[in-house]
Amino acid sequence: MAYHKLLQRQLNKYAADGNITPENFQRLVETVNESYLAFEKDKELSDHAFTVSQQEYVEINSLLREEVVLRQLSIQKLKSILGHLVSENKESFTERDDDLLEIVDQLNDEINRRKEVEEQLLLAKEEAEKANIAKSNFLSVISHEIRTPLNAVIGMGHLLHKNQPRPDQVENLNALRISADNLLVLINDILDFNKIEAGKLDLEEAPFNVKKLVKDIVRANTNGANERENGISLLIDDKIPDYFLGDSLRLGQVLNNLVSNAVKFTQKGFISVRVDLAELNAGTAIIKFSVIDTGVGISSENLRGIFLPFMQASSSTTRKYGGTGLGLAITRKILQLLNSDIEVETKVGKGSNFFFSVELNIVAADPANPYQYDIIDFDLKQARILLAEDTMFNVLYATQLLESWNSQVKVAENGALAVEMMKTGQFDLVLMDLHMPVMDGYTATVKIREFNATIPIIALTASATIDVRERVTEAGMQDYVTKPLNPDDFYVKVRRYLS
């Protein structure tokens, strides 16, 4: 038997002759030999495991060192980035590269600071909204207070013109009319812009004669053109249908802004208004409107600013020509509601061409159409009209106007009296002022509707609040007319409901 080398050495020393007895001693030697061999194997395995562990440790330690370096670089970059994001009044980060808690603290501070800023912004937003509501209410009140006497000024001027004034009085009445009309344009521009800001400028749809609309606008601006020694012409494409469905008031407002601007900024020149048929389809047509002048023109650097609210081409423009700078801003907003936009070609000293195209639905050219027709006779055929109005000058103007159109007018000085007169009298139409003493027009209409659901009631209001249409409809009125009264528009609306 081959023994472990250490055991064999001992046996050689003490049993050189190889005679190992007895038998039990022989088994002991074998057992000791096996122990030696097992120890040797364990030692070899232990040495191998240690060698392997040391290699793995070296590799892991190297990876850990790399991780530490990357971590430090990440923290440095994070601090560098956050240093630009946090508030300037915060203390800078320390130079330590391993302090993530410092970053967490700074971020918490920044989050708290931004929450405070957000709360302040919310408060500022609420204050701005309150201020905007107050501004709207103020404009509405001022509008009512200005429109009420302005209705009398314009109305009395209209009546005086009808009474065959002397030649020397005509000039004074024209000056009165022009000044009153200019004041009304300024008020309307401010209130329309207020509606646009509030998102409450709604478009109506009713049949209208587009050719008549453009002719009326050119006719209305002819005197102004003559005063500035300008020629003015109108060219309408014969292929354009007569009647369309749309908002003639807003389309007319756009055209009037462009034509009046052309007249204002042209001296001893020429203004051409063109209406062309761009495209004709089965039920719609695309109409192109152009207003061309030989006026002062606009420089390229000032061109973009003319469509901004309260902006004009230059400060000298306001001093020389006047105006609020709202006309073109409102024009662009209205055209955007009509799915269009204003375009301009201009050259300083040579003139400008403002043009736009709109698509309109074609309707039948029915001369009996109750919404639009040419005014010929101004005859209301003895219609019985109840006028509920408390302002003396407005009563005087409206009464004379209606009686000149061959109607019978009874006056109620407040809403309560109007209700009682409706119970006892026979009327074909009620003209109801909204703001009256004792009982306002809304309440009076509600009470009238309790016993008469059919008589047409038209509101008369100097107010231009954005919700007047809704309130008028809710009270039971069919329509409303805004003061100052335009005689032609007023007649058309009265005639419509009497029909």
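This is a predicted model: local features need pLDDT of at least 70, side-chain atom pairs count only at pLDDT 80 or more; totals for chains, interfaces and linings use all residues.
At 38% relative accessibility, Glu129 counts as partly exposed. The side chains of Glu129 and Lys125 meet in a salt bridge, with 2.6 Å from N to O. Both residues belong to helix α3 (residues 100–162), where they sit 4 residues apart, about one turn of the helix.

How many salt bridges does a search of the whole structure find? The count is 13. Three of them are set out here.

| Salt bridge | N to O distance |
|---|---|
| Glu129 and Lys125 | 2.6 Å |
| Asp276 and Arg274 | 3.1 Å |
| Glu420 and Lys423 | 3.8 Å |

In the second pair, Arg274 is partly exposed at 29% relative accessibility. Glu420 is partly exposed, at 43% relative accessibility, whereas Lys423 has a relative accessible area of 52% and is exposed. Elsewhere, salt bridges link Lys212, Asp216 and Arg219 in a network.

Now to the sheet. Its 5 strands run in the order β9-β8-β10-β11-β12, forming an open sheet with parallel pairing. At the edges are β9 (407–412) and β12 (479–482), each of which pairs on one side only. From one strand to the next, the twist averages 25°. Strand β11 (residues 457–461) pairs with β12 over 4 bridges in the parallel sense, and Ile458 has Asp479 as its bridge partner in β12.

Helices pack against these strands. Helix α10 (residues 392–404) lies across β8 (383–388), β9 and β10 (429–433), at about 160° to β9. Helix α12 (residues 441–449) touches β10 and β11, and its direction makes about 150° with that of β10.

Which residues touch the most other members of the largest nonpolar core? Of its 42 residues, they are Ile240, Phe244, Leu258, Ile287, Phe289, Phe354 and Phe356. Elements giving two or more residues to this core include α4 (167–197), β4 (270–280) and β7 (351–362). The biggest contribution comes from α6, with 7 residues. Leaving aside residues up to four places away in sequence, Leu258 touches Val291, Leu328, Thr331, Ile342, Phe354 and Phe356. A second, separate core has 24 residues, among them Met432, Met439, Ala475 and Tyr480.

Methods
Residues are numbered from 1 along each chain as its sequence is written. Side-chain values use heavy atoms; hydrogens and water are left out. Two strands pair if DSSP finds at least two bridges between them. Axes are lines fitted to C-alpha atoms, for helices over the stretch in contact, and angles run from 0 to 180 degrees between N-to-C directions. Contact means heavy atoms within 4.5 Å. A nonpolar core is a set of buried Ala, Val, Leu, Ile, Met, Phe, Trp, Tyr and Cys residues joined through side-chain atoms within 4.5 Å. Buried means under 20% relative accessible area, exposed over 50%, partly exposed in between (1.4 Å probe, protein chains only). A salt bridge is a side-chain nitrogen of Lys or Arg within 4 Å of a carboxyl oxygen of Asp or Glu.
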